[in-house]
Number of protein chains: 4
Amino acid sequence: MNELRVSVEQLNTVLADSKFLRPYDFTVQSCAAGQCVVLLPFKSELERPGGIVSGMSLMGGADVAMWLAIMTLRGLDEHWVTSDMKTAFLRSAREEGVICTAKVLKLGKKTAYGTVECANGQAQLLTHHVLSFTRVEMSV
Amino acid sequence: MNELRVSVEQLNTVLADSKFLRPYDFTVQSCAAGQCVVLLPFKSELERPGGIVSGMSLMGGADVAMWLAIMTLRGLDEHWVTSDMKTAFLRSAREEGVICTAKVLKLGKKTAYGTVECANGQAQLLTHHVLSFTRVEMSV
Amino acid sequence: MNELRVSVEQLNTVLADSKFLRPYDFTVQSCAAGQCVVLLPFKSELERPGGIVSGMSLMGGADVAMWLAIMTLRGLDEHWVTSDMKTAFLRSAREEGVICTAKVLKLGKKTAYGTVECANGQAQLLTHHVLSFTRVEMSV
Amino acid sequence: MNELRVSVEQLNTVLADSKFLRPYDFTVQSCAAGQCVVLLPFKSELERPGGIVSGMSLMGGADVAMWLAIMTLRGLDEHWVTSDMKTAFLRSAREEGVICTAKVLKLGKKTAYGTVECANGQAQLLTHHVLSFTRVEMSV
């Protein structure tokens, strides 16, 4: 569980090729073996009254960050899908970008488990997530 | 925890007034005291390659269904926000509408807890959710 | 997912043969295909000051109820272990027996998912659980 | 959320005074502000066939570790109870002691949220937990 198999550029290409994610403008800031940091910019048109970043945006950012963190260890050719996701909403984000930091805690050939912390620019924890992923054979 | 305080029409007005939800075209199909059924139509532009309904859409539908289910018991004037949400992804939805059925299991003055089942038109369970909400004093 | 493959007597024999569960005096009250009802008697020596039933006892009862509910569909020869368990503590139990009702919501060859409700004799919901199980090849 | 308000000795006295925990022989190894490390010794009489440490023991150790981690910040006089607990079972423990490391991630006046990692002596992660606690006014 220790060799980095992708670059930040490759992960950003994965995002660019995922049309359904484009409205969010996610970008990968950095990665390491089993880790990935994704930036979620503030987009007023996606958000709730008062500039509160929606829970859906935060969950989407966390999900993508873990998906890419698995790729750092398993490469780009496998298909991993979310099987379980739990989110604790701890603090609201208001008109600010969000930094989603994913860490893989356990990786098997078929299942992966990890955590994501979403924080604002002042390093305040907004949401905390635990996710399980499963590898599927189907081509998407 | 037993008196129905809103109508389907009122809940649909809540949805129509929530601009950030408009891309999803959620509609309330029915409600009862502590329960709400929300329809999530298939919208190809929101979804993943192959017509797979995204996890974010399903989580969004579940979250909204529980939010409205709480309103059936507490009325329209209080502000309830999601504090915790866990989703199990059990089966993929493909090019099909989704029915999100929320049930409040415990309701206090400040916290609520319940489940949501998201199923396709063949009554196959796609996702199962447990959610906690908190009542906040802030005006949004 | 519909044929009942065990009897209440067989499930109670499973409990009697599980020495590590004996302190709890769990008994199976009833079962159906994909469902099992387990009774957790009040045992003052296991519990907290004031006669409050401990969270560990409730989680243990819920875990056992789901384990047996899977057996109702898969029989007694397979080995299923808990892979994930989430518990919401909604109300305290005080010097009273607890009824744990498990329902399997999704069953595959390798994974199972379901819910457990633990209630007191007045049908008040004490805890709500969602559990995932995995089938393992190892003999225990 | 930063001042340490208790000592390891005080936390071990809390454990010694909690009769319902005595079968487990938990001990506090270390603590810091918002953190607590609890040791769970292997006790064959509590465990499953083959010397596998039961999920209940691991959940019990995690729950206690978080309870004490909250005390490091809030002192010994408040009453905090578990409101929600999710456990991922990642690897089995066999005839070995377990180290439960709790960290408080968010602490309010009424609610707390944190994680616990349970590992064996080789620093292999066995279980990962997220817990929410609520402060209650009742005297126990």
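The model is predicted, so to speak from the sequence alone: local features need pLDDT of at least 70, side-chain atom pairs count only at pLDDT 80 or more, and totals for chains, interfaces and linings use all residues.

Start with the contact between chains A and B. Chain B brings 21 residues to it and chain A also brings 21, two residues being in contact if their C-beta atoms, placed from the backbone, lie within 7 Å. On the side of chain B that touches chain A, α2 (55-74) and β3 (79-89) each supply at least two residues; helices (H or I, at least four residues) and strands (E, at least two) are DSSP runs, numbered from the N terminus. The largest share, eight residues, comes from β3(B). By type, this side of chain B splits into nine nonpolar, seven polar and five charged residues. Here Ala, Val, Leu, Ile, Met, Phe, Trp, Tyr, Cys and Pro count as nonpolar, Asp, Glu, Lys and Arg as charged, and the others, Gly among them, as polar.

Chain B can be laid on chain A by a turn of 180 degrees and a shift of 0.0 Å along the axis, with an RMSD of 0.0 Å. That is how a two-fold axis relates copies. The superposition is by least squares on the C-alpha atoms of residues with pLDDT of at least 70 in both copies. Of the residues of chain B, Lys86(B) comes closest to the rotation axis, at 2.0 Å (C-alpha). Both copies use the same surface, with 100% of the contact residues of chain B recurring in chain A.

Now the strands. β3 of chain A and β3(B) pair antiparallel over five bridges, where pairing calls for at least two DSSP bridges between two strands. Thr87(A) has Met85(B) as its bridge partner. Within chain B, β3(B) also runs antiparallel to β6 (residues 125-136), joined by 10 bridges, and Trp80(B) stands opposite Arg135(B). On β6(B), β5 (residues 111-119) pairs antiparallel too, over nine bridges, with Thr115(B) opposite Val130(B). β5(B) and β6(B) form a hairpin with five residues between them, and Ala123(B) in the turn has a positive phi of about 65 degrees.

As 18 of its 20 residues are buried, α2(D) is largely enclosed by the rest of the structure; buried takes 20 or more other C-beta atoms within 10 Å of a residue's own, exposed 12 or fewer, and partly exposed lies in between, with C-beta atoms placed from the backbone. Just after α2(D), Gly75(D) takes a positive phi of about 80 degrees.

Methods. Residues are numbered from 1 along each chain as its sequence is written. Chains are lettered from A and ligands numbered from 1 in the order in which they are written.
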